[in-house]
Amino acid sequence: MKKQIVKEFITVKKVRRLPPKEKPAPPPIPRHILIVGRCTLDMITVCDEHPTPGKLQRTEEGFWRIGGHAANTCCVLRRLGTDCEFLGQLSNISAFESLSSSFNALGVDISSCPRMAQEPPHQSIVVVRGQGTRTTVEYSNRKHELTYQQFMGAVDYRKYSWMHFEARNLGETLRMMRAVRDYNTRNEEANIVVSINLINLKTLSLLLADMADYVLVQKQVLTQYAYMNGREMVWAVRDRMQVAYRRWLANQPKKTPYPSEDPKPLNENNCTPQLFEARWHLL
């Protein structure tokens, strides 16, 4: 009887000293889409006929709204129920507050956007009712574009599963996309999908498109380069991207691990005494 009591006591004592359970791993950070580009203030006026230069013409329809490819893409994604964030320069001008309010009402995150004190980029758009034509006057410059330093200071790569860029300010955009590519190389498990929107077919724009996973081409390229349809445009852009990459690759200096076999002879008549002495010392 005593032995049985001792065994039961030892068993209970061992159970009480079991190691504590390991804490569960923290949940992963939710990832969403980042749209990098520009937000403009669009002032739209609808007319029955195209305005005549030098004459006053009145209309009863006109409104302001958010403009720019990146800003419009954010609005569409939020209406589809996708979490997204806009990254671009915003203005502190009072006329621009309505656009910031529209972003907040839709649920678009703009907390990382740098602010500027100057006038925001804006477009004056005249739409002719019934004809389907419009005339656009755009005000923008390089000061309205996001820089590489602002991008690096605002971005936490762990938060994003997709990054979409506009092909504007091409030099800075190239550095941003290279930074994302370097992050993908270091973190293959948390790979970020990269896409870009092309507004023209310049050489640097095509090189940027070659670095992206997905390429979106605006409709204006179809009419600007006189393509028959969207399919022809897609194949033409693909061929142009390949040609641009080959030309860029051909212009790169060739790197060889060994010096050339026949170096150019040194003209001893044009050498200084120190250089001539050093040459013979090496020989």
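Student: How much space lies in the largest pocket?

Tutor: This is a predicted model, in which local features need pLDDT of at least 70, side-chain atom pairs count only at pLDDT 80 or more, and totals for chains, interfaces and linings use all residues. Residues are numbered from 1 along each chain as its sequence is written, and side-chain values use heavy atoms, without hydrogens and water. A pocket is an open set of points on a 1 Å grid where a 1.4 Å probe fits, with protein on both sides within 12 Å along at least five of seven lines. Filled by probe spheres set on its points, the largest pocket holds about 660 Å³.

Student: Which residues are the closest to the centre of the largest pocket?

Tutor: Lining residues have an atom within 4 Å of a point. There are 21 of them in the largest pocket, divided into two nonpolar, eleven polar and eight charged. The closest to the centre are Gln-123, Arg-134, Arg-168, Gln-218 and Gln-220.

Student: Which element gives the most to the lining of the second largest pocket?

Tutor: The second largest pocket has a volume of about 250 Å³, and its lining divides into six nonpolar, no polar and three charged residues. Helices here are DSSP runs of H or I, at least four residues long; α5, α6 and α8 each supply at least two lining residues. With four residues, the largest contribution is that of α6.

Student: Which residues of helix α6 are buried?

Tutor: Buried means under 20% relative accessible area with a 1.4 Å probe, protein chains only. Helix α6 spans residues 203-211, and its buried residues are covered by elements including α5 and α8. They are Ser-205, Leu-206, Leu-207, Leu-208, Ala-209 and Met-211.

Methods: Buried < 20%, exposed > 50% of the residue type's maximum accessible area, 1.4 Å probe, protein only. Contact = heavy atoms within 4.5 Å. Nonpolar A, V, L, I, M, F, W, Y, C, P; charged D, E, K, R; others polar.
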